[in-house]
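Colleague: I'm new to this one and would like to learn how to read its side-chain features. Could you walk me through them, one at a time?

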Amino acid sequence: MSEKRYRFRLIFSGVCLLFGLTLDYLKIFDKPFGFLVICGLAPFIYLGYYELLRRLMKPWIGKYPYAPHWDKVGEKVSGKGYPKNRYVVTADSIFGVSMFLIPFLTILILIIMIDK
C-alpha cells in the first residue's frame, strides 16, 4: 500500500476513534459503555490485522499479498499498484478471507464481552 493511502487510512481511523469516544462520552445512544469506542476502533483493528497478516504472508508468497475480491486463483491481479505480470495465488485468497473474517470476529467478540 502506498504511503499516501496508508496515511489517509490512519487519519480516517483516528477520526473514527474520536467520533466513537465522543458519542460514547455524550451518551447519545442507549448502548453499554465502550460499544461505540469499539465501533470507532474498527478501522484500527482492520489496519492492525492487515499489517500483521501482510508481514506473515509476505515470506510465504514471496511478494506482497493481494486480497482478491473478484479475481480467481490463476487470473491476473486487477488491483492497482501491483506488477502487471502478477497472478493471484492460493495464498492471496487465504489473505483475502483472513482480512474479512479475523477483524470481523475480533470486533464481534469485543462487543459480546462488553455486552455481558
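Predicted model: local features only at pLDDT ≥ 70, side-chain atom pairs only at ≥ 80, totals over all residues.

Colleague: Are Arg54 and Glu51 buried or exposed?

Modeller: Both of them are buried. For Glu51 the relative accessible area is 16%, and it counts as buried because the cut-off is under 20%.

Colleague: Which other residue forms a salt bridge with Glu51?

Modeller: That would be Arg55, with the closest N and O atoms 3.1 Å apart. Glu51 and Arg55 are four residues apart in helix α2, so about one helical turn separates them. Arg55 is exposed, at a relative accessible area of 59%, whereas Glu51 is buried.

Colleague: And how many salt bridges does the structure hold?

Modeller: Three. As for shared partners, salt bridges join Glu51, Arg54 and Arg55 into one network.

Colleague: Where is Arg86 found?

Modeller: In the loop between α2 and α3.

Colleague: What else does the side chain of Arg86 reach?

Modeller: It reaches the backbone oxygen of Tyr64, at 2.7 Å. If you skip the neighbours within four places in sequence, the residues in contact with Arg86 include Ile61, Lys63, Pro65, Tyr66, Glu75 and Val77. Asp92 is on that list as well.

Colleague: Let's move on to rings. How many aromatic pairs are there?

Modeller: The structure holds three. One to look at is Phe100 with Phe104, a stacked pair with 6.2 Å from centre to centre and 5 degrees between the planes.

Colleague: Why does that pair count as stacked?

Modeller: It's stacked because the planes are 5 degrees apart, and the cut-off for stacking is under 30 degrees. As for their place in the chain, Phe100 and Phe104 are four residues apart in helix α3 (residues 90-115), so they're separated by about one helical turn. Phe100 is exposed, with a relative accessible area of 57%, while Phe104 is partly exposed, at 47%.

Colleague: Which residue lies over the face of Phe35?

Modeller: Lys31 does, at 5.3 Å from the ring centre.

Colleague: Last topic: cysteines. What is a disulfide, in general?

Modeller: It's a covalent bond between the sulfur atoms of two cysteines. A search of the whole structure finds zero of them here. Cys16 is in no disulfide, and the nearest cysteine sulfur, that of Cys39, is 10 Å away.

Colleague: Why don't Cys16 and Cys39 count as a disulfide?

Modeller: Because a disulfide needs the sulfur atoms within 2.5 Å, and the sulfur of Cys39 is 10 Å away from that of Cys16. Cys39 itself is partly exposed, with a relative accessible area of 36%.

How values were computed:
Residues numbered from 1 in each chain as written. Heavy atoms only, no water. Phe/Tyr/Trp six-rings, centres within 6.5 Å; stacked < 30°, edge-to-face > 60°. Helix = DSSP H or I, 4+ residues; strand = E, 2+ residues; numbered from the N terminus. Buried < 20%, exposed > 50% of the residue type's maximum accessible area, 1.4 Å probe, protein only. Lys NZ or Arg CZ within 6 Å of the ring centre and 35° of its normal. Salt bridge = Lys/Arg side-chain N within 4 Å of Asp/Glu carboxyl O. Polar contact = N/O pair within 3.5 Å; in protein donor to acceptor, adjacent residues only side chain to side chain. Contact = heavy atoms within 4.5 Å.
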